[in-house]
Amino acid sequence: MTSKLEQLRAMTTVVSDTGDMEAIRAFKPTDATTNPSLILKAAEMPAYARLVDEAIVWGRKRGASVGEVTDRIAINFGSELTKIVPGRVSTEVDADLSFDTEGMVAKAKSLIAAYKERGVGHEHILIKLASTWEGVQAARRLQAEGIDCNMTLAFSLAQAIAAGDAKAFLLSPFVGRIFDWHVKAGGGPYTPETDPGVHSVRTIYAYYKTYGVKTVVMGASFRNTGEIEALAGCDRLTISPQLLEALSKDEGQMATEKLSDGIRLFAHDLNTLRTMVQHRLAEAA
């Protein structure tokens, strides 16, 4: 019996939204995305203490700033992730640079240089930039220099159009956070088909495909498996380990049972038809 996760893989590139390497090994996604919150969570896990400790020792020896050390922690995690996933690893530029184009460009280049020192080429990395006006301008410049960007924190078609115009490699519309906002504003209850976050991604995807925009659409920030299933077929979906596990355990019992029922019914009716035809042929002989 095929799980929903395996069915999803047949339609969409599955990306793991975590810094937990054991979870990534377990679910074997194509790509991995990280952000400061995910790195912080992973950094507090005993299994990855060595990655934090290495950065602290390095920082003390060099008299490095706190920012340089946190960058090194992110690179430590990212470098390890590139050894596990066959595709791309997304590493985020500091959130407090989100309205500073020059700062984002400089930080992106320093991250790429740090990866290069580890033997990780830029073709394995996506630089995550907030989808602000300044972030879009940074992406335009970085893409022109061959540094692929993941435009994160996207919540609207306007942001998507701007990212596409900048030739950003990838856009991450945040399904769950759009859903959260509408629920807080008194909306709902929603089904996966009426979910405003799902609707937003579908609108962006349709726009890109209609107008030939090359930017990859990667739904992100999911709250439940229903949202994920509703977006099956999107270019990429980045999913937390918890929801990946839920999908892997859901073997679609209803679909399997109804498939079996349908086959038995059709087989029965086909045999009845064959019997009728056999009698008619005998009568006509």
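User: Is Ser221 buried or exposed?

Analyst: Buried means under 20% relative accessible area, exposed over 50%, and partly exposed in between, with a 1.4 Å probe and protein chains only. Ser221 has 11% relative accessibility, so Ser221 counts as buried. This is a predicted model, where local features need pLDDT of at least 70, side-chain atom pairs count only at pLDDT 80 or more, and totals for chains, interfaces and linings use all residues. Residues are numbered from 1 along each chain as its sequence is written, and side-chain values use heavy atoms, with hydrogens and water left out.

User: Where does Ser221 lie, and what is its phi?

Analyst: Helices (H or I, at least four residues) and strands (E, at least two) are DSSP runs, numbered from the N terminus. Ser221 lies in the loop between β7 (216–219) and α11 (225–230). Its phi is near 60 degrees, a positive value in a residue other than glycine.

User: What is phi of Lys167, and is Lys167 buried or exposed?

Analyst: Phi of Lys167 is near 65 degrees, a positive value in a residue other than glycine. Lys167 sits in the loop between α8 (157–165) and β6 (170–173), and with a relative accessible area of 64% Lys167 is exposed.

User: Is the peptide bond from Gly188 to Pro189 cis or trans?

Analyst: That bond is cis, with omega near 0 degrees. Pro189 belongs to the loop between α9 (175–184) and α10 (196–210).

User: How is a pocket told from a cavity, and how much space lies in the largest pocket?

Analyst: On a 1 Å grid over the protein atoms alone, a cavity is a set of points where a 1.4 Å probe fits but cannot get out, while a pocket is an open set with protein on both sides within 12 Å along at least five of seven lines; lining residues have an atom within 4 Å of a point. Grid points are joined across faces, edges and corners, and a volume is the space filled by probe spheres set on the points. The largest pocket holds about 420 Å³. Its lining has 27 residues, with Asp17, Thr18, Asn35, Leu38 and Ser240 nearest the centre. Helix α3 gives the largest share of that lining, four residues.

User: What lines the largest cavity?

Analyst: The lining includes Val15, Asp31, Arg88 and Met218. Strand β2 (residues 31–33) supplies the largest share, three residues. About 40 Å³ of space lies in this cavity, and a search of the whole structure finds one cavity of 30 Å³ or more.
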